[in-house]
Protein chains: 2
Amino acid sequence: MTARPDRIAADIDALAALTDPDRPWTRRAFTPRFLDGRKYIAEAMAAAGLATRIDAAGNLIGRRPGRRPGKVLAVGSHSDTVPDGGRFDGIAGVVAGLEIARVFNETGLVLDHDFEVIDCLSEEVSIFGVSCVGSRAIAGVLPADWLGRAADGLTLADGIEGVGGDPARLIKAKRTDIAAFLELHIEQGPVLEAGRRDVGVVTAISGITRVEIVVEGRADHAGTTPMTARADALVAAADLVLGIRALALARSRGPAHFAATVGEFSILPGAANVVPSSARLLIDARAEKRPDMDAFLVDLNGLSAEVAARHGVAATPRLVSDNQPTPGDPRLLEALEAAADAVGASHRRMASGAGHDAAFFAKVAPAAMVFVPCRDGRSHSPDEWAEAAAIARGADVLIETIRRLDRRQDTE
Amino acid sequence: MTARPDRIAADIDALAALTDPDRPWTRRAFTPRFLDGRKYIAEAMAAAGLATRIDAAGNLIGRRPGRRPGKVLAVGSHSDTVPDGGRFDGIAGVVAGLEIARVFNETGLVLDHDFEVIDCLSEEVSIFGVSCVGSRAIAGVLPADWLGRAADGLTLADGIEGVGGDPARLIKAKRTDIAAFLELHIEQGPVLEAGRRDVGVVTAISGITRVEIVVEGRADHAGTTPMTARADALVAAADLVLGIRALALARSRGPAHFAATVGEFSILPGAANVVPSSARLLIDARAEKRPDMDAFLVDLNGLSAEVAARHGVAATPRLVSDNQPTPGDPRLLEALEAAADAVGASHRRMASGAGHDAAFFAKVAPAAMVFVPCRDGRSHSPDEWAEAAAIARGADVLIETIRRLDRRQDTE
């Protein structure tokens, strides 16, 4: 009872072909192209013997009824992409779900639990500026005011309705019947490939904290102002960037995943002959363990004060957003490891630095993730690549995990 | 025979009032507002007994004939401003010229030389994207193809014609009859104010060299890519910014003026969750002495190679523009110092970090500059301020210098 790489490759290729033609591979949520992808997936679900439906939040769900219906073992991810994004981010998990359903169907396996494959709506940021729309609704935490968010003359509510959802009855999408949710995803990093492991058992989805620092210096004439009489906001901001890098590097050497990146950076006035008067940094910090993030934020305050004093500028960090880490369900992690051993898949524990739908499922159900290797860690890029055999290996681990969970009383 | 601060203040105030009303103080070259300013200056010239004309390049020139006409002692600067610029940059020198002409006129002083006050066209960068239009033409070095530069449906030739020039006969603006050109200007830096000196005798107008560095790293997912597996272009560029600052600081501690500034700085892709893939820096370096600039450029190449190796990125400096320093005429510097001593004005030698019209006059005539203090070194800003008494003190030095030069055979 194993997954077939050739069928996984065929699904990946078929979905990759459904791209905006001038910018492969782009199939953003709520677009006609996205609906083409959904049509392909729904037909594949039906061909695998799943009964399909769209829930109130616009999630596409295929179900194989169990012997004792009521509690659900679910797998899934998302089929939408970022602009110019890859062919595997999210899609690998949906396609693995399709293959698992085909294997169950072909072998006539009947589980005690219901089995579902869920294609979550808009995990990526859409034109409405928000992410994880479907999985937030499943967790019952989609903010009601988001439905009014508008873009291109439509609201998010219109968008959900356009994919077949029922935004007026969004609460119906909330789930309390999921016994376990398992998400297979490409790693989007280089660790599994470098360590030659088949799967990563994800200990936690890192918390993401964003901090803005505006550095206020003083504009001066670049030719006439002596070097010692300046309050150069760019020089101070550069000192901050290197300091943040050093803090993150030191903390990343600990046992738990930690990363911090200055991804947005701009200066004013930005004229060749004017000493920069201000600079803005946006820091994206990720921690597997919350105490690491707390310590980083304390260090960042100290660093900012030091840099401000050193360069005669003002620089105060401001918390923009702050999400806690989501640990994988401990019993699911053990089940995944036991299943990997049983099917002969090499594995390691690791944290996810990226956010995923599973983090929202975890609010209403035991949830966990497995990573499969991707080439050079590339993601959100046309270069993103994962071998169909690697995805199949992950699907094998999920098949074995589902069969083991199905036999356990505590998942009923 | 001394300048009157009250009349200087009245001229400054009258010209300040001729500003775009919603963004004081703005009177950019070629605009209707600029022509209003020119009208005021021409009338003030005439009231001071000067015969006015517009030369082929659109410079406004007021002349007081000498006893032995043919060789000219000239003072001047420019009356145009940067957007939101100050009330004194350039204007102080034109207004000082008006006051000197009034003093000569009232006292009935007749020089051997002709005396001219020159308001140079468009010293600041105009909508046509170029600077020092009038003084370049006086030096005979305005590139002919610049006349075709277009903006807002006009060419620079149209602009010159619009202020009363004759662009088809631009060569007529070139001067070979100037015995000495003296430009009074606000310092645009903090040195004179901090050192409590009345005037700065400008040893040289610094050369300006611009260098672009594009740092090429690699875009990676900010959450999933380990800190040690990155080629972060922003981190490398921040290292460069601090390195450039350190090189410039060390060199500025030498006897000659040196400064280097990164005034333009941007990164790609500029997304919160993506490690920056590239960064662009534009360095503005100024040196009073050319060997300092040559050494800086060698150091910059070394720094770039070091930073590139340290961060696993590419970073190669590219020379964008490179202008030599312009020393003040040595005999004029001595004459300015002797005159300052004679009128009891405290003085010091210093370099100009900024470019000025005098640098172009120096190509066809002995030329030199005097600086007067301005508040906090502020310039190109609405905060720019200089006391009328300080400008009058500088004008007194010019009056005495002109009288001394007029008596010297070697300026004939």
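A salt bridge is counted here when a side-chain nitrogen of Lys or Arg lies within 4 Å of a carboxyl oxygen of Asp or Glu.

## Basis of the model

This is a predicted model, in which local features need pLDDT of at least 70 and side-chain atom pairs count only at pLDDT 80 or more, while totals for chains, interfaces and linings use all residues. Residues are numbered from 1 along each chain as its sequence is written, chains are lettered from A and ligands numbered from 1 in the order in which they are written, and side-chain values use heavy atoms, with hydrogens and water left out.

## Salt bridges

Side chains of opposite charge can pair when their charged atoms come close. Over all chains the structure holds 66 salt bridges, and across the interface of chain B and chain A the rule finds two.

Within chain A, A:Lys39 forms a salt bridge with A:Glu43, where the closest N and O atoms are 3.2 Å apart. Both of these residues, A:Lys39 and A:Glu43, lie in helix 2 (residues 32-47) of chain A, four residues apart, which is about one turn of the helix. Helices (H or I, at least four residues) and strands (E, at least two) are DSSP runs, numbered from the N terminus.

## The interface of chain A and chain B

The contact, meaning heavy atoms within 4.5 Å, takes 52 residues from chain A and 52 residues from chain B. Between them the two chains, A and B, bury about 4,200 Å², 63% of it on carbon and sulfur atoms; buried area is the accessible area (1.4 Å probe) that two parts lose on being put together, summed over both.

Across the interface of chain B and chain A the rule finds 14 residue pairs in polar contact, both residues being at pLDDT 80 or more. A polar contact is a pair of N or O atoms within 3.5 Å; within protein, one must be able to donate a hydrogen and the other to accept it, and residues adjacent in sequence count only if both atoms are side-chain atoms. On the side of chain B that touches chain A, at least two residues each are supplied by strand 10 (220-221), helix 7 (233-252), strand 11 (258-268), strand 12 (274-275) and strand 13 (278-287) of chain B. Helix 7 of chain B gives the most to this side, with ten residues. The residues of the side of chain B that touches chain A divide into 27 nonpolar, 13 polar and twelve charged, where Ala, Val, Leu, Ile, Met, Phe, Trp, Tyr, Cys and Pro count as nonpolar, Asp, Glu, Lys and Arg as charged, and the others, Gly among them, as polar.

## Symmetry of the two chains

Two copies of a chain are related by a rotation about an axis and a shift along it. Here a rotation of 179° with 0.0 Å of shift along its axis superposes chain B on chain A, with an RMSD of 0.1 Å, and that is the relation of a two-fold axis. The same surface serves both copies, since 100% of the contact residues of chain B recur in chain A. Of the residues of chain B, B:Ala238 comes closest to the rotation axis, at 2.2 Å (C-alpha). Copies are superposed by least squares on the C-alpha atoms of residues with pLDDT of at least 70 in both.

## Domains of chain A

Chain A is divided into domain 1 (5-205 + 325-411) and domain 2 (207-322), with bounds that come from an automatic or database domain assignment. The centres of domain 1 and domain 2 of chain A, taken over C-alpha atoms, are separated by 36 Å. Eight residues of domain 1 of chain A are in contact with eight residues of domain 2 of chain A.

Domain 1 and domain 2 of chain A bury about 540 Å² between them, 60% of it on carbon and sulfur atoms. In domain 1 of chain A, A:Pro325, A:Ala351 and A:Gly353 lose the most area to domain 2, together 72% of what that side buries. Between these two domains of chain A the count is zero salt bridges.

## Backbone features

In chain B, a cis peptide bond with omega of about -5° joins B:Pro24 and B:Trp25, and B:Trp25 is found in the loop between helix 1 (5-17) and helix 2 (32-47) of chain B.
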